[in-house]
Amino acid sequence: MIKRLLQGGVIGLANIIPGVSGGTMMVVMGIYDKLIHCITHLKSEFKKSVQFLLPIFIGTGISLVIFAKVIEYCFANFPIQTNLLFCGLIAGSLPIMFRQVKGKKISVGMLVSFLAFFALVCIMAWMGEKEGQAADVSLNLVNSLKLFGVGVVAAATMVIPGVSGSMMLMIMGYYTVIINTINDFVQALIQVDISGAFHYGMILAPFGIGVVVGIFLIAKMIEIIFQKARTHAYWAIIGLIAASPLAILSKTDWQGLSLITGVTGAVLFVAGWFVASKLSD
């Protein structure tokens with residue numbers, strides 16, 4: 001139980017840092033195949049699957065709550081440097097993906113997979129809110145449906161090795177507002193502010209439901225896709241990752257740029273690249 005809780009904590013930390021893939025951490029810890037199997041066979045192997053999944057999900061949730069406050073502080077005080085650090089983490093994860101396709105002849109289908117998902121990220125970035133602006137999450141039906149969709153997309157990418165769910169939230173412009181809402185919800189609970197907790201909980205609910213739906217929807221698809229078209233799938237993932245730094249930088253608020261922020265941001269970009277490349281090993 002403790003081991004599974006700690007593994008969940010690692011997955012939660014990975015998923016809250018744009019550029020670090022929760023799916024990759026699952027692979028590194030040797031639980032990816034079993035986790036996907038438990039999700040896709042939850043109904044037929046209910047007791048066994050729940051015993052495996054529950055502590056991991058609890059650990060993930062605790063980790064998300066704890067580290068959300070740290071991320072909020074970084075964005076509030078060092079937005080440019082934080083974005084550049086995340087871009088370095090994303091770019092540094094590319095080598096592990098290229099190793100998956102090394103030595104395999106590149107076909108037209110593989111190039112199409114790469115270009116299609118590269119374009120998809122660019123389109124999502126163009127359609128999404130700028131990260132320097134708060135996405136509208138006021139309580140109404142349209143915003144609830146948007147949050148549900150964002151949750152589905154984020155969760156689906158969370159379980160794909162090499163792809164970061166929080167990276168996709170950044171691209172869509174919802175990363176900061178979701179992090180802030182989680183922190184506000186926890187703060188309201190601590191202060192026993194029932195109305196505040198209810199308000200923030202209602203914002204998070206459609207997103208949370210979307211996350212659950214996304215995980216179960218994508219798990220079976222991943223199982224099938226990686227069995228039948230593994231190399232094409234990796235080229236699609238490479239397209240997602242390659243376009244993501246461009247999308248994040250295009251949505252960064254550069255008004256606070258100075259020599260100091262530029263230099264420290266560049267150092268953090270390189271540091272992020274180094275850390276991600278080591279994690280990839």
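Modeller: One term to begin with: contact means heavy atoms within 4.5 Å. The model is predicted.

Biologist: Fine. Which residues is Val 152 in contact with, leaving aside its neighbours within four places in sequence?
Modeller: Val 152 is in contact with Gly 210, Val 211, Val 213 and Gly 214.

Biologist: And where does Val 152 lie?
Modeller: In helix H8, residues 141-158. The C-alpha atoms of Val 152 and Phe 207 are separated by 7.8 Å, and these two are 55 residues apart along the chain.

Biologist: What about Asn 143, buried or exposed?
Modeller: Asn 143 is also found in helix H8. Asn 143 counts as buried because its relative accessibility is 5%, and buried means under 20%. Neighbours within four places aside, Asn 143 is in contact with Asp 136, Val 137 and Ser 138.

Biologist: Switching to helix packing. At what angle do the axes of H3 and H11 cross?
Modeller: Roughly 120°, with the axes coming within 9 Å. H3 covers residues 32-40 and H11 covers residues 194-228. The crossing is left-handed.

Biologist: Which residues in H3 and H11 meet there?
Modeller: From H3, Tyr 32, Ile 36, Ile 39 and Thr 40. From H11, Ile 215, Phe 216, Ala 219, Lys 220, Ile 222 and Glu 223.

Biologist: Last topic, the surface. Which residues make the nonpolar patch?
Modeller: Leu 54, Ile 58, Ile 62, Ile 66, Phe 67 and Val 70 make a nonpolar surface patch of about 530 Å².

Biologist: Why does Ile 66 count as exposed?
Modeller: Because its relative accessibility is 51%, and exposed means over 50%. Ile 66 lies in helix H4, residues 46-77.

Methods:
Residues are numbered from 1 along each chain as its sequence is written. This is a predicted model: local features need pLDDT of at least 70, side-chain atom pairs count only at pLDDT 80 or more; totals for chains, interfaces and linings use all residues. Side-chain values use heavy atoms; hydrogens and water are left out. Patches are made of residues with over 30% relative accessible area and no salt bridge: like charges are joined within 9 Å, nonpolar side chains (Val, Leu, Ile, Met, Phe, Trp, Tyr) within 5 Å. Accessible areas come from the Shrake-Rupley method with a 1.4 Å probe; for residues, only the protein chains shown count as cover. A salt bridge is a side-chain nitrogen of Lys or Arg within 4 Å of a carboxyl oxygen of Asp or Glu. Helices (H or I, at least four residues) and strands (E, at least two) are DSSP runs, numbered from the N terminus. Buried means under 20% relative accessible area, exposed over 50%, partly exposed in between (1.4 Å probe, protein chains only). Axes are lines fitted to C-alpha atoms, for helices over the stretch in contact, and angles run from 0 to 180 degrees between N-to-C directions. A crossing is left-handed if the near helix is turned anticlockwise from the far one by less than a right angle, and right-handed if clockwise.
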